[in-house]
Amino acid sequence: MLSEHREWFNNFLENLSKGFDGNVLDIGKSTEWDYSRLFKDYKTIDVLPKIQPDIVGDFCEYPFDEYFDLILCIGIFEQFRGSGTFEKMINKIKGLLAKDGIAIFGCPGKDFPCRNQVDSGKRTNLNELTKLLSGFKIVSFKTFDEIYYFLICKL
Ligand SMILES: C[S@@+](CC[C@H](N)C(=O)[O-])C[C@H]1O[C@@H](n2cnc3c(N)ncnc32)[C@H](O)[C@@H]1O
């Protein structure tokens with residue numbers, strides 16, 4: 001079933017994509033949602049080869065050779081593993097974001113259910129997120145009670 005927060009995000013991204021001509025990096029490929037249809041230049045990176053991301057690798061370690069106009073970081077916080085840490089990921093995103101680029105963070109709150117064995121169950125709240133993202137300008141945010149948060153950020 002399409003959750004309220006995912007429905008909101010899908011609509012938000014669809015609207016954002018209209019007239020958008022930049023390149024997009026989606027960190028952590030979704031097996032449920034395919035956003036490639038919305039953007040001309042869109043790629044996914046994931047550590048799991050079996051889900052066939054455009055780039056197989058750890059986001060924190062991968063040597064990108066371009067900046068991105070839009071970076072999606074949805075549902076990564078609670079699943080983060082490998083050599084990275086959340087702070088390392090945040091710094092990497094900062095370094096990869098083009099001037100005037102947008103980074104969108106989607107993070108589960110304390111009432112988001114634990115979904116699978118990969119999910120560490122690590123949760124956050126808006127206060128903590130705001131602190132973790134203090135190096136960004138938070139342009140807007142959308143909350144779904146304590147279930148899910150989306151933060152739209154620029155440098
Ligand atoms: C919840 S899923 C994908 C969420 C997806 N972005 C969405 O919009 O629903 C999280 C994905 O992040 C991937 N992942 C976890 N740590 C990663 C890392 N360090 N680098 C790249 N991908 C990673 C996992 O393999 C998993 O496929």
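## Order of elements

From the N terminus on, the elements of the protein chain run α-β-β-β-β-α-β-α-β-β, which comes to three helices and seven strands; helices (H or I, at least four residues) and strands (E, at least two) are DSSP runs, numbered from the N terminus. This is a predicted model, in which local features need pLDDT of at least 70 and side-chain atom pairs count only at pLDDT 80 or more, while totals for chains, interfaces and linings use all residues. Residues are numbered from 1 along each chain as its sequence is written.

## Overall dimensions

A compact globule of 155 residues would have a radius of gyration near 15 Å, and the 15 Å of the protein chain agrees with this; the radius is taken over C-alpha atoms, and the globule rule is 2.2 Å times the number of residues to the power 0.38. Taken along the principal axes, the C-alpha atoms fill a box of roughly 35 × 35 × 30 Å.

Of the contacts in the protein chain with a separation of 6 or more, 57% are between residues 24 or more positions apart, where a contact requires C-beta atoms, placed from the backbone, to lie within 7 Å. Buried residues make up 22% of the 155 residues; a residue is buried if 20 or more other C-beta atoms lie within 10 Å of its own, exposed if 12 or fewer, and partly exposed in between, with C-beta atoms placed from the backbone.

Seven strands form an open sheet of mixed pairing in the order 3-2-1-4-5-7-6, with two strands taken as paired if DSSP finds at least two bridges between them. Strand 3 (55-56) and strand 6 (137-144) stand at the edges with a single partner strand each, so one side of each is left without a neighbour in the sheet. Helix 1 (residues 4-17) packs on the sheet, where it touches strand 5 (97-108), strand 6 and strand 7 (148-154), and its direction makes about 140 degrees with that of strand 6; axes are lines fitted to C-alpha atoms, for helices over the stretch in contact, and angles run from 0 to 180 degrees between N-to-C directions.

Strand 1 (residues 23-27) and strand 4 (residues 68-74) run parallel and are joined by three bridges, and within this pair valine 24 has leucine 70 of strand 4 as its bridge partner. Strand 4 also pairs with strand 5 in the parallel sense, over six bridges, and here cysteine 73 is partnered by phenylalanine 105 of strand 5.

Leaving aside neighbours within four places in sequence, leucine 72 is in contact with Val24, Asp26, Ile27 and Ile104.

## Lysine 154

Lysine 154 lies in strand 7 and counts as partly exposed because it has 13 C-beta neighbours inside 10 Å. Not counting residues up to four places away in sequence, lysine 154 touches Asp100, Ile102, Phe136, Lys137 and Val139.

Terms used. Contact = placed C-beta atoms within 7 Å.
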